[in-house]
Amino acid sequence: MLMQERQEHLLRTRLDKDYGLTVELSTELRTFEEHDDHVIAHIIKRTPNTDQATEETLRVDFLVGADGGRSTIRKQLGLAFAGDDSESLKEI
């Protein structure tokens with residue numbers, strides 16, 4: 001098992017065991033709406049190896065932006081990105 005795969009496995013296992021959370025892959029955040037006590041997230045769930053996609057709307061207490069330099073959350077909030085993203089580094 002590669003290091004990245006092992007780390008992902010360990011993180012997913014711990015999230016499930018300690019918090020009852022499941023990590024969903026092939027899921028894309030499109031937009032979100034902030035409210036005083038919750039967030040509405042509009043997502044697209046893709047079925048791997050097919051062209052099938054399902055749109056869903058979720059009501060959540062928190063939305064964490066851990067989606068990297070091209071962050072949908074960061075862009076929608078209008079926050080600047082300090083530094084370089086991996087695409088910029090490839091050009092060097």
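**Close-up views of a predicted model**

**View 1. H38 and its polar partner.** The side chain of H38 makes a polar contact with the side chain of D37, at 2.8 Å. Keep in mind that this is a predicted model, here and in every view below. H38 sits in the loop between β1 and β2, with β2 covering residues 39-46. Is H38 buried or exposed? H38 counts as buried, because its relative accessibility is 13% and the cut-off for buried is under 20%. Setting aside residues up to four places away in sequence, H38 touches E33, R59, V60 and D61.

View 2. Look for Q76 in helix α2, which runs over residues 72-77. Which residues does Q76 touch, once those up to four places away in sequence are left out? They are R30, T31 and F32. Take T31 from that set: it is 45 residues away from Q76 along the chain, yet the two C-alpha atoms are separated by 7.6 Å. Q76 still has some surface showing, and with 36% relative accessibility it counts as partly exposed.

View 3. V23 belongs to the loop between α1 (3-19) and β1 (27-34). Its relative accessibility is 38%, so V23 counts as partly exposed.

**View 4. S26, a positive phi in a loop.** S26 is not a glycine, but its phi is positive, at about 55°. Why give that a view of its own? Because most residues other than glycine have a negative phi. You'll find S26 in the loop between α1 and β1. At 38% relative accessibility, S26 counts as partly exposed.

View 5. Where does N49 lie? It's in the loop between β2 and β3, and β3 spans residues 53-60. Is N49 buried or exposed? N49 is exposed, because its relative accessible area is 82%, and the cut-off for exposed is over 50%.

How values were computed. Residues numbered from 1 in each chain as written. Predicted model: local features only at pLDDT ≥ 70, side-chain atom pairs only at ≥ 80, totals over all residues. Heavy atoms only, no water. Helix = DSSP H or I, 4+ residues; strand = E, 2+ residues; numbered from the N terminus. Buried < 20%, exposed > 50% of the residue type's maximum accessible area, 1.4 Å probe, protein only. Polar contact = N/O pair within 3.5 Å; in protein donor to acceptor, adjacent residues only side chain to side chain. Contact = heavy atoms within 4.5 Å.
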